[in-house]
Structures are given as C-alpha cells and as structure tokens.
Amino acid sequence: METASTLLTLPGALAAIMLAALNAYVLLGGADFGGGVWDLLATKPRREEQGALIAHAIGPIWEANHVWLILVVVLLFTCFPPAFATIVTELHIPLTLMLVGVVLRGSAFTFRTYDSSADDVQRRWGLVFSWSSILTPAALGICVGAMSAGAVGSASSNPGAPFLERFVLPWTNPFVLGVGLFALVLFAFLAAVYLTVEAEGDVGLQRDFRRRALGAGMALFLCAFGTLALARAYAPRILVGVTQSPAALPLQLATAVMALLAFAALIVRRYRVARLAAGAQVSLILWGWGISLYPFIIPDTLTIQAASAPPITLRLTLGALALGAVVLVPSLVYLFRVFKARPSAFASLDESPESSH
C-alpha cells in the first residue's frame, strides 16, 4: 500500500490535475447537459422562454467546455496507459454511448439553432438535443460507478470470459446504474441553479428555475443516500472510502454545509451565492470520490504509481500542460468575460431578434 507521499510524485500530481480537469468539465460541461434535461422538461406558460434562456446560456461556450474532457482523456492515455487500455476496453459500450451522445447533442443544438425549417423539424432536433443530454451524463456516471465498484479490471484476469460477463455485467448492477442516475440529477441540479442567475431581469423565469433547482436538490439528496445504500452490497470499498477514510468526515461536513447554503440561498433568492455554493458542493463530491479511490486509479487493479508512464513522459507532459495553460487559461477567461459577465443581458437579447444566434 502506498503512502500519502504518492501525491508528491509526478504520477500523483498528474492524477490530481486529471481530477481537476474532470472537476472543471462537471461544473461547466455538466451544467450544459443539465440544460438539455430542463429543455425537455420545459413547461407552460413560459415554455418557449425557458428554451430560449437555455439556448442563450449554452450557446457561446458549449464547445469550449469539452476541452476539459479532452484534457482528461489525453492525460489518461499519455500518463497512465495501462489504465486507459483497461477502461476503454472493458467499458467500451457505455463510453461509446457517451461519445454518441456528445456528438448527437452538439449536432442537434447547432441544427436547431441555425435550421429555419418548420416547427416540427425544430422540435425533432430539440428532442435529439434533450435525450442526448440525458444519455451522456448517465453514461459518464455509469463509467464512474463501474470503476468505483471495482468491476473494471477484474474481467482482464479472465480474458476467455463470455462477452456478457466481461463487457456488460460489470456496468449493469444496481449500484452502477444508481451512480448513472446520480450523475444525471447532479448535472440537472447544477444547470437549474446556474439558470436562476442567467435569468436575471426576468422574475418569472427565475421562479421557474428556482423551483427546479430546489426539486433537483432534493432528488440529489435521495440519490446520494440510495447509492450509498447500494454500495454496501455492490461496492463495499467505495463505501469504506467515503465514510471511514481520514478525509471522509471533513469532506462530508463541508459538502453538507455547501448543500445547506445552496438551499438557503435559493430560498431567500440569493442566486449568485447559490451558484457558488452548488459548485463547491459538486466539487467536494467529486474530490471525495477521487480521494476514496486513492492510491488506486482503477480500484484493486492498478495504483497510480503502477499505471504511470515512464518519468520522461510525465515530465514532458507536465511541461506541455504548463505551456498550454499560458494559452488556454487566458482564452477561457476572456471567453467567459465576454459572454458570461452580464447574465441579465438575456432579457434584452430576447427582445431583439437581430441579436439572437
């Protein structure tokens, strides 16, 4: 068993960067997927306005958010090749579904935005956009759940096992499917909270998404405890990690505080505070999961150290990340500053057909 000093090594540092990139993807790209969920569930009397707000919130930045997922994949492939090979082989079905969802969602969003065909065509594109926004986070959660349950890697020890046993059963038990549902609800919660800020200037829309955020927050609470209950039978290691590790209690307390703060801020209509608290809550959940797996990158199969590439590869990758950050970070800051500094601009854009994208 490795000690905490692993975190001070190159493999440990790059694993932490990979988790930080996944964190960024969940906070940014995850909220975009959640927007697709609310687009499907948009209701009268403000159905059209809800859809327009979601499109306006996603439109300028949805492609840029995928840079974080690309970074995770590149780091996994470059720095931890045995782990990459195991994951993409044994989870190729949910990973393929996830990638199909990403492509369909992006294509549908673009076609729906720029296609001026009849309303029924627009609705069909809207349904593709919404359902792929549900498929993708659910598939991502299933992959995370299968890794957490220790199902990934165990099949490699028996390459002659039947296809169903090796490539389907590891990600179809109740715990893994529960994590998929948890990820979907998590993204929907984030999106609803973010959209309360995006709707500044329109009290009706803020009220709509405030109700959705509170409802999704309650559903997230139920999913979290339901998944933990299932972990007792299907993923005992992850249960021990999130409840008995040295960092478990501080992380759980901090997560609970952020969750309560987000709810309280929503109730008193302090939406910007709710957005910060919800982001912190989701980040703490993700880092709690990462810490619970430590020192493994694939539980009970590959440790961070054992799966790492040669030191020269890791050093060159770290240098490339430092150089890339010089370009990437200012570009993303500028993008968000241009398009997200004034969420209340939605009201004026909605009134001006010329300014719609």
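Here are some questions and answers about the labels used for this predicted model.

The model is predicted, so local features need pLDDT of at least 70, side-chain atom pairs count only at pLDDT 80 or more, and totals for chains, interfaces and linings use all residues. Residues are numbered from 1 along each chain as its sequence is written, and side-chain values use heavy atoms, with hydrogens and water left out.

Q: What makes a stretch of this chain count as one of its helices or strands?
A: Helices are DSSP runs of H or I with at least four residues, and strands are E runs of at least two, numbered from the N terminus. On that basis the chain has 16 helices and two strands.

Q: Why is helix 9 called roughly antiparallel to helix 13?
A: Helix 9 (residues 174-198) and helix 13 pack at an angle of about 160°, with their axes 8 Å apart. Axes are lines fitted to C-alpha atoms, for helices over the stretch in contact, and angles run from 0 to 180 degrees between N-to-C directions. Angles under 35 degrees count as roughly parallel, over 145 as roughly antiparallel, 65 to 115 as roughly perpendicular and the rest as oblique. So helix 9 is roughly antiparallel to helix 13.

Q: How do you know which residues of helix 9 and helix 13 meet?
A: Contact means heavy atoms within 4.5 Å. Among the residues that meet are Phe182, Leu186 and Phe189 in helix 9, and Ala274, Ala278 and Ile285 in helix 13.

Q: Why is arginine 269 called partly exposed?
A: Buried means under 20% relative accessible area, exposed over 50%, and partly exposed in between (1.4 Å probe, protein chains only). Arginine 269 has 48%, so it is partly exposed. You'll find arginine 269 in the loop between helix 12 (248-267) and helix 13, with a positive phi of about 65° although it isn't a glycine.

Q: What makes aspartate 300 exposed?
A: Aspartate 300 has a relative accessible area of 54%, so it gets the label exposed. Its place is in the loop between strand 1 and strand 2 (302-303).

Q: What joins tyrosine 294 and proline 295?
A: That's a cis peptide bond, with omega about 5°. Proline 295 sits in the loop between helix 13 (271-293) and strand 1 (296-298).

Q: How much of the chain is made up of buried residues?
A: Buried residues make up 49% of the 357 residues in the chain.
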